[in-house]
Amino acid sequence: MAYQDEKLSKFIQAINKDAEERRARILAESEAFNKAQLEKAETDALTDAYHLIQQDVSKMRTGIRRELSQKELKLHRAALLKRAEITESVFDRAAEEIEAFTGSADYLAFLEGVAGEAAKLFPKAPVTLYLREKDAALGQKLCPIFAGGCQVKTDDTILLGGLRIECREIGLMADETLDTRLDRQHVWFAEHSGLSVEPAK
């Protein structure tokens, strides 16, 4: 009986030992599995966080680019408006200078010089001189310059002065108005004033 008890005891010990080993192995495997799952979860969380950060960074970059583009556009518009304002101011001042010139004694000499050059284009044909209302009397002084004869007419479109010479007989017209001369200066001024504005990108 003692032998059987001892055998049974050894058997129970063997079973307990096997159970303990299995339990330890299961615990170790479970711990390893949990550790692997935790590491995977951490990796997944880090990957998700990275993607979210990248999306946020991308949105921020897009927002900054849009904001910069809008600011550049506003600055470009402001620069264009300022250039237009300066140009208008310069040409208003030029018009004032021209107005002062047309009121001076040199104005008639200027008109005579222009008429003298134009008369070479119309040597013997009759011409019509167009002047502003204010200069109509000066036109009569210019007629003797044209060998083919001339008549004087006023033109409301001439605001600053000068004259326009037309010869219907040969179908030619010479525009020597100060309005046209000043208007031609816009292109020169835009090219040489240093007020160019680069297009917004």
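Are aspartate 155 and arginine 164 buried or exposed? Both residues are buried, where buried means under 20% relative accessible area, exposed over 50%, and partly exposed in between (1.4 Å probe, protein chains only). The structure is a predicted model, in which local features need pLDDT of at least 70 and side-chain atom pairs count only at pLDDT 80 or more, while totals for chains, interfaces and linings use all residues. Residues are numbered from 1 along each chain as its sequence is written, and side-chain values use heavy atoms, with hydrogens and water left out.

The mean pLDDT of the chain is 82, pLDDT being the predictor's confidence in each residue on a scale from 0 to 100. A value of 70 or more is reached by 90% of the residues. Among the elements, the lowest mean pLDDT, 76, belongs to helix H1 (residues 2-102), and the highest, 95, to strand E1 (residues 127-131). Where pLDDT is low, the predicted coordinates should not be read in detail.

Four helices and four strands make up the secondary structure of the chain; helices (H or I, at least four residues) and strands (E, at least two) are DSSP runs numbered from the N terminus. Their order from the N terminus is α-α-β-α-β-β-β-α. The chain is more spread out than a compact globule, because its radius of gyration is 49 Å, well over the 17 Å that the globule rule gives for 201 residues. This radius is taken over C-alpha atoms, and the globule rule is 2.2 Å times the number of residues to the power 0.38. Along the principal axes, the C-alpha atoms fill a box of roughly 160 × 35 × 25 Å. Of the 201 residues in the chain, 21% are buried. Among contacts (heavy atoms within 4.5 Å) between residues at least 6 apart in sequence, 61% join residues at least 24 apart.

Strand E3 is mostly covered, with six of its six residues buried. On one side these are Gly162, Arg164 and Glu166, and on the other Leu163, Ile165 and Cys167. E3 runs antiparallel to E1, to which three bridges join it; strands pair if DSSP finds at least two bridges between them. Within this pairing, threonine 128 has glutamate 166 of E3 as its bridge partner. Six bridges join E3 to E4, also in an antiparallel arrangement, and here the bridge partner of leucine 163 is glutamate 176 in E4. The hairpin of E3 and E4 has four residues between the strands, and glycine 171 in this hairpin takes a positive phi near 65°.

The structure holds 10 salt bridges, each defined as a side-chain nitrogen of Lys or Arg within 4 Å of a carboxyl oxygen of Asp or Glu. Arginine 164 forms one with aspartate 155, the closest N and O atoms being 2.5 Å apart. Arginine 164 also forms a salt bridge with aspartate 175, at a closest N and O separation of 3.8 Å. The latter pair links distant parts of the chain, with aspartate 175 in strand E4 (residues 172-177) and arginine 164 in strand E3 (residues 162-167), 11 residues apart. Aspartate 175 is partly exposed, at a relative accessible area of 24%, whereas arginine 164 counts as buried at 14%.

Salt bridges that share partners join Glu99, Arg132, Lys134 and Asp135 into one network. Aspartate 135 and arginine 132 form a salt bridge whose closest N and O atoms are 2.8 Å apart. Aspartate 135 counts as buried because its relative accessibility is 3%, and arginine 132 counts as buried at 5%.
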